[in-house]
Amino acid sequence: MVTIRARATSKQVKVSVLGIGLSLAGGIGVVIGSALPWVGTRSVERSAFTLARMANEMDVFERRSERFAVYTLLMTPVLVPLGLFLVSIGWRRTSALVLFICGLIGLASGGVGLWASTAQGDGPMVTAIGGAFALFGSCVMVFSAGTRNQTG
């Protein structure tokens with residue numbers, strides 16, 4: 001049996017806490033940005049969640065991959081509390097994976113919203129920035145985790 005042990009230095013702990021904070025703040029930014037107005041007319045402003053729900057009800061998307069993309073955007077409010085829960089029970093790497101996925105969704109949807117000429121609200125910008133923070137923070141979480149006890 002081989003046991004590898006490593007002490008956590010204060011620098012590693014600070015970097016890990018920074019990664020946790022950045023990824024959670026980025027995930028919250030993705031959810032808030034998706035709830036902000038993306039498209040607006042004179043009297044009605046629509047968020048990303050409203051646009052995704054309307055497109056799904058109107059059967060705009062024919063392929064399963066397109067429908068999957070819409071469903072992933074609608075799942076971001078669930079991923080952030082799941083990431084927070086996983087951090088609280090000590091599963092930092094799994095939490096980093098969940099928040100990395102949330103960041104990818106936010107960066108992709110925010111990028112598409114910024115690229116589209118119809119985006120007039122602040123939602124796509126906040127979503128893309130939140131996604132970038134979540135991606136960076138989750139990478140910091142993984143690479144600052146250090147070694148863990150391994151047996152084998």
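Mentor: Let's start with helix H2 (residues 48-57) and helix H3 (residues 64-74), which pack at an angle of about 145 degrees with their axes 10 Å apart. Helices here are DSSP runs of H or I with at least four residues, strands are runs of E with at least two, and both are numbered from the N terminus. The axes are lines fitted to C-alpha atoms, for helices over the stretch in contact, and the angle runs from 0 to 180 degrees between N-to-C directions. H2 passes H3 in a left-handed crossing, meaning that the near helix is turned anticlockwise from the far one by less than a right angle.

Before we go on: this is a predicted model, where local features need pLDDT of at least 70 and side-chain atom pairs count only at pLDDT 80 or more, while totals for chains, interfaces and linings use all residues. Residues are numbered from 1 along each chain as its sequence is written, and side-chain values use heavy atoms, with hydrogens and water left out.

So who touches whom? On the H2 side you'll find Ala48, Phe49, Ala52 and Asn56, and they meet Arg67, Val70, Tyr71, Leu73 and Leu74 in H3; contact means heavy atoms within 4.5 Å. By class, that makes seven nonpolar residues, one polar and one charged. Here Ala, Val, Leu, Ile, Met, Phe, Trp, Tyr, Cys and Pro count as nonpolar, Asp, Glu, Lys and Arg as charged, and the others, Gly among them, as polar.

Now zoom in on Leu73. Leaving aside neighbours within four places in sequence, Leu73 is in contact with Ser34, Ala48, Phe49, Ala52, Ile105 and Ser109. Leu73 also belongs to the largest nonpolar core, a set of twelve residues that includes Ala48, Ala52, Val70 and Ile105. Such a core is a set of buried Ala, Val, Leu, Ile, Met, Phe, Trp, Tyr and Cys residues joined through side-chain atoms within 4.5 Å. Buried means under 20% relative accessible area, exposed over 50%, and partly exposed in between, using a 1.4 Å probe and protein chains only. H2, H3, helix H4 (76-88) and helix H5 (92-115) each supply at least two residues of this core. There's a second, separate core of six residues, with Leu24, Val87, Leu99 and Met141 among them.

Stepping back, the protein chain has six helices and two strands, in the order α-β-β-α-α-α-α-α along the sequence. Buried residues make up 35% of its 152 residues.
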